[in-house]
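Here are my notes on this one, as numbered points. Have the viewer open while you read.

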Amino acid sequence: MSGKVWFVGAGPGAADLLTLRAAKVIGTADVVVWAASLVSPEVLEHARADAEIVDSARLPLEGVRPLYERAAREGLCVARIHSGDPSLWGAVQEQREVCDEIGLPHETVPGVSAFSAVAALVGRELTIPEVAQSVILTRLGGGKTPMPEGEEVIELARHGTTMALFLSAARSGQLQAELLGGGYPPDTPVVMAYQATWPDELIAHCTVGTLAETVKSHRLWKHTLFLVGPALAAGGTRSHLYHPGHFHGFRRAQPDARRALRKGQP
Ligand SMILES: C[S@@+](CC[C@H](N)C(=O)[O-])C[C@H]1O[C@@H](n2cnc3c(N)ncnc32)[C@H](O)[C@@H]1O
């Protein structure tokens, strides 16, 4: 009877974006801890009828500790549900540290992050050959959590690649200024998504130059994600992976296509 905590990614909102593994873990838990403001209540339909349900919005880290201590003492299985994927802005690491301190085993179930859900909603790949091969996941500084030096949006924007900006809608003027200051041309495409995959979802397409006015016109300040970068409008290039001149362990290259590929022809 050692008990265990599962950190479970619930995805961006829609209950059917929960993974099968997440549903299974929630269904076996004695205690389900969830954030009512961030996670769809439908996720709780997977919980056992006799499971103890706790709203994490009411619990600071210090409030969670006694629960985890009880889980260790009584051998309880706890499913701690986080929005999106638990590896991003979930305050999960500090909970793992609490578990380690009290000797409570823990494991994590990944979830669909908001950035990949939004890319799917608008039908765009974030990495496009010859345009963008990196995705920067970040947030604007100046909020509650300070940014480490060199991670300001203006610095990261200098790469000119695709960026996914979380937790930044409340200061859209600063966001726009930093993206422009970092070098994105004003006509760089932006996708703005509020409550993606929820019933009140709102998706807007704008540019870096019109980002702040678009956010303000929709009166958004929270639960909003921005995708930024030339990849959002790019096309016409192709990856080598499915090129007939490219070979790998499961496919031979066609000789003519291979020669063309080596000469840099599409
Ligand atoms: C505390 S972070 C959690 C991120 C989460 N772990 C993930 O992987 O998506 C919350 C921020 O994620 C973004 N976000 C999460 N879910 C979203 C959704 N359904 N639609 C738009 N943005 C979302 C927003 O920027 C929001 O302010």
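1. Start with the crossing of α2 and α3, which is right-handed. Bear in mind throughout that this is a predicted model. Helix α2 covers residues 61-74 and helix α3 residues 93-102; they pack at about 40°, and their axes are 10 Å apart. That angle makes α2 oblique to α3.

2. Who meets whom here? From α2 come Leu 61, Val 64, Arg 65, Tyr 68, Glu 69 and Ala 72, and from α3 come Glu 94, Gln 95, Val 98, Cys 99 and Ile 102. Sorted by class, this contact has seven nonpolar residues, three charged ones and one polar one. An α-helix has 3.6 residues a turn, so residues three or four places apart point the same way.

3. Now for the chain as a whole. The protein chain has eight helices and 10 strands. Its C-alpha atoms fill a box of roughly 65 × 50 × 35 Å along the principal axes. Of the 266 residues, 35% are buried. If you take contacts between residues at least 6 apart in sequence, 68% of them join residues at least 24 apart.

4. Have a look at α6 (residues 172-181) next. Its buried residues are Ser 172, Leu 175, Gln 176, Glu 178 and Leu 179. Viewed down the axis of α6, these buried residues fall within an arc of 165°, so they line one face of the helix. The cover over them includes α5 (153-156), β7 (162-166), α7 (211-217) and β10 (224-228). Following α6 there is Gly 183, with a positive phi near 120°.

5. Ser 168 sits in the loop between β7 and α6. Is Ser 168 buried or exposed? Ser 168 has 23 C-beta neighbours inside 10 Å, and it therefore counts as buried; the cut-off for that is 20 or more. Leaving aside residues up to four places away in sequence, Ser 168 touches Arg 139, Leu 140, Leu 175 and Phe 226. Leu 175 is also one of the buried residues of α6. Ser 168 and Val 215 are 47 residues apart in sequence, with their C-alpha atoms 11 Å apart in space.

6. Just after α4 comes Gly 123, with a positive phi of about 65°.

7. Last, two backbone angles that I'd check by eye. Most residues other than glycine have a negative phi. Arg 219 is not a glycine, yet its phi is positive, about 55°. His 223 is another residue other than glycine with a positive phi, near 50°. Arg 219 lies in the loop between α7 and β10, and His 223 is placed in the loop between α7 and β10 too.

8. His 223, by contrast, is buried, because 21 other C-beta atoms lie within 10 Å.

Terms used. Residues numbered from 1 in each chain as written. Predicted model: local features only at pLDDT ≥ 70, side-chain atom pairs only at ≥ 80, totals over all residues. Axes fitted to C-alpha atoms, helices over the stretch in contact; angles between N-to-C directions. Helix = DSSP H or I, 4+ residues; strand = E, 2+ residues; numbered from the N terminus. Parallel < 35°, antiparallel > 145°, perpendicular 65-115°, else oblique. Left-handed = near helix turned anticlockwise from the far one by under 90°. Contact = placed C-beta atoms within 7 Å. Nonpolar A, V, L, I, M, F, W, Y, C, P; charged D, E, K, R; others polar. Buried ≥ 20, exposed ≤ 12 C-beta atoms within 10 Å, placed from the backbone. Arc of directions from axis to C-beta.
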